[in-house]
Amino acid sequence: MNISRLHFAHLPTPIEELPRLRQALGGPRLLVKRDDQTGLAFGGNKTRKLEFLVAEAREQGAKTLITGGALQSNHCRQTAAAAARFGFKCILVLTGEKPKQASGNLLLDQLFGAEIVYVADRKDRDRILQETFDRATQEGTKPYLVPYGGSNATGALGYAFAMKELIDQNVNADWIVFASSSGGTHAGLLLGQRIFRFSGRVLGISVDEPEEWLKKEVSQLASATSEKVGERIEFTPADVLVNADYCDAGYGVVTEREREAIHMFASCEGLLLDPVYTGRAAAGMIDLIRTGFFKTNETVLFLHTGGLPTLFAHQYADKFL
């Protein structure tokens with residue numbers, strides 16, 4: 001198995017007990033895996049994916065990393081940081097109007113020297129992303145296109161190996177719960193569960209996508225990723241566990257559920273969540289605990305995928321106070 005990888009994440013990330021949160025909820029044993037501490041530019045789950053994506057870009061002789069996302073994209077912030085660290089130019093195609101004053105992830109993107117292309121309407125983002133890539137190609141800057149969220153077969157390897165890391169930490173969790181959106185983290189964990197024989201279940205809380213779409217996307221991506229580590233494993237939508245009950249408000253919309261989750265983690269454990277991803281996933285987990293979805297004798301591990309700079313973004317800062 002010859003897989004290119006750059007080792008720059010701070011691994012293994014720690015696993016911690018959440019006793020006071022468990023006491024407040026009266027539910028199962030609760031743990032958290034701190035992938036907000038992967039080390040690159042405030043950390044987060046995309047760092048694991050970028051270890052493989054940046055290695056692939058280097059192998060292909062690329063000089064520029066290009067990717068896209070929302071204005072406060074955690075993925076774009078970590079991509080810009082990786083580009084700066086390894087000497088790439090970086091172009092980010094971000095959905096949203098250019099603000100008068102940058103904050104949160106956008107401020108960090110600029111500090112890392114990324115060129116920002118603003119797209120007013122999300123439906124135009126794919127087209128402008130491709131146009132940006134084509135322009136960079138014509139200009140001879142040798143671009144490498146990093147997919148949204150780092151979620152392709154190369155990026156998903158990061159979480160296949162994260163599953164081995166978790167198993168090696170000798171934690172017997174019955175459930176892993178996390179935020180699922182573009183599907184790369186989810187697909188990697190699903191593949192890792194199979195090849196490294198994790199006996200628990202892997203449950204993605206959808207941040208913005210319908211259950212049917214995520215099941216199809218994650219199963220296809222896990223199947224494609226398996227070919228990079230050996231013979232193809234054919235995953236089906238039935239293999240993918242998704243709960244999409246908490247995303248009706250829309251992407252990045254902070255509801256009372258997210259507010260409560262952010263406050264509970266902060267006040268019970270001194271642990272910060274972001275309002276878009278971990279806030280929504282934690283809100284879903286809290287509701288599932290309250291409704292008895294998890295048994296009280298089970299162990300639930302919450303995968304903290306980072307995103308903390310979003311707490312300081314102008315459009316979110318007053319919504320969870």
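User: Is Cys90 buried or exposed?
Analyst: This is a predicted model, in which local features need pLDDT of at least 70 and side-chain atom pairs count only at pLDDT 80 or more, while totals for chains, interfaces and linings use all residues. Residues are numbered from 1 along each chain as its sequence is written, and side-chain values use heavy atoms, with hydrogens and water left out. Buried means under 20% relative accessible area, exposed over 50%, and partly exposed in between, with a 1.4 Å probe and protein chains only. The relative accessibility of Cys90 is 4%, so this residue counts as buried.

User: How many disulfides does the structure hold?
Analyst: A disulfide is a covalent bond between the sulfur atoms of two cysteines, and here it is called for a pair of cysteine sulfur atoms within 2.5 Å. The sulfur of Cys76 has its closest cysteine sulfur in Cys90, 7.6 Å away, which is too far for a bond. Cys76 is buried, with a relative accessible area of 0%. The number of disulfides in the structure is zero.

User: How many salt bridges does a search of the whole structure find?
Analyst: A salt bridge requires a side-chain nitrogen of Lys or Arg within 4 Å of a carboxyl oxygen of Asp or Glu. Among those found, Arg232 and Glu234 meet at 2.8 Å, N to O, and Arg135 and Glu139 at 3.8 Å. Over the whole structure, the number of salt bridges is 22.

User: Which residue forms a salt bridge with Arg34?
Analyst: Arg34 counts as buried at 11% relative accessibility, and the closest N and O atoms of its salt bridge with Glu16 are 3.2 Å apart. Helices (H or I, at least four residues) and strands (E, at least two) are DSSP runs, numbered from the N terminus. Arg34 lies in strand β2 (residues 29-34) and its partner in strand β1 (residues 15-17), so the pair ties together parts that are 18 residues apart in sequence.

User: How far apart in the chain are Trp175 and Phe294?
Analyst: These two form an edge-to-face pair, 5.3 Å centre to centre and with 70 degrees between the planes. Trp175 is buried at 5%, and Phe294 is buried at 4%. Trp175 belongs to strand β7 and Phe294 to the loop between α10 (278-290) and β10 (299-304), a separation of 119 residues.

User: What is the geometry of the pair of Tyr251 and Tyr277?
Analyst: Tyr251 is partly exposed at 29%, as is Tyr277 at 21%. Their ring centres are 5.9 Å apart and their planes stand at 75 degrees, so the pair is edge-to-face.

User: How much space lies in the largest pocket?
Analyst: On a 1 Å grid over the protein atoms alone, a pocket is an open set of points with protein on both sides within 12 Å along at least five of seven lines, a cavity is a set where a 1.4 Å probe fits but cannot get out, and lining residues have an atom within 4 Å of a point. The pocket is lined by 36 residues, with Tyr148, Gly149, Ser181, Ser182 and Tyr277 nearest its centre. Grid points are joined across faces, edges and corners, and a volume is the space filled by probe spheres set on the points. For the largest pocket this comes to about 700 Å³.

User: How many residues in the lining of the largest pocket are polar?
Analyst: Ala, Val, Leu, Ile, Met, Phe, Trp, Tyr, Cys and Pro count as nonpolar, Asp, Glu, Lys and Arg as charged, and the others, Gly among them, as polar. Eight residues of the lining are nonpolar and eight are charged, while the number of polar residues is 20.

User: Which helix gives the largest share of the lining of the largest cavity?
Analyst: The largest cavity holds about 40 Å³ of space. Its lining is made up of Lys33, Tyr159, Ala162, Met163, Leu166, Ile176, Leu189 and Leu303, that is, seven nonpolar residues, no polar and one charged. The largest share, four residues, comes from helix α6 (residues 153-168).

Key: Phe/Tyr/Trp six-rings, centres within 6.5 Å; stacked < 30°, edge-to-face > 60°.
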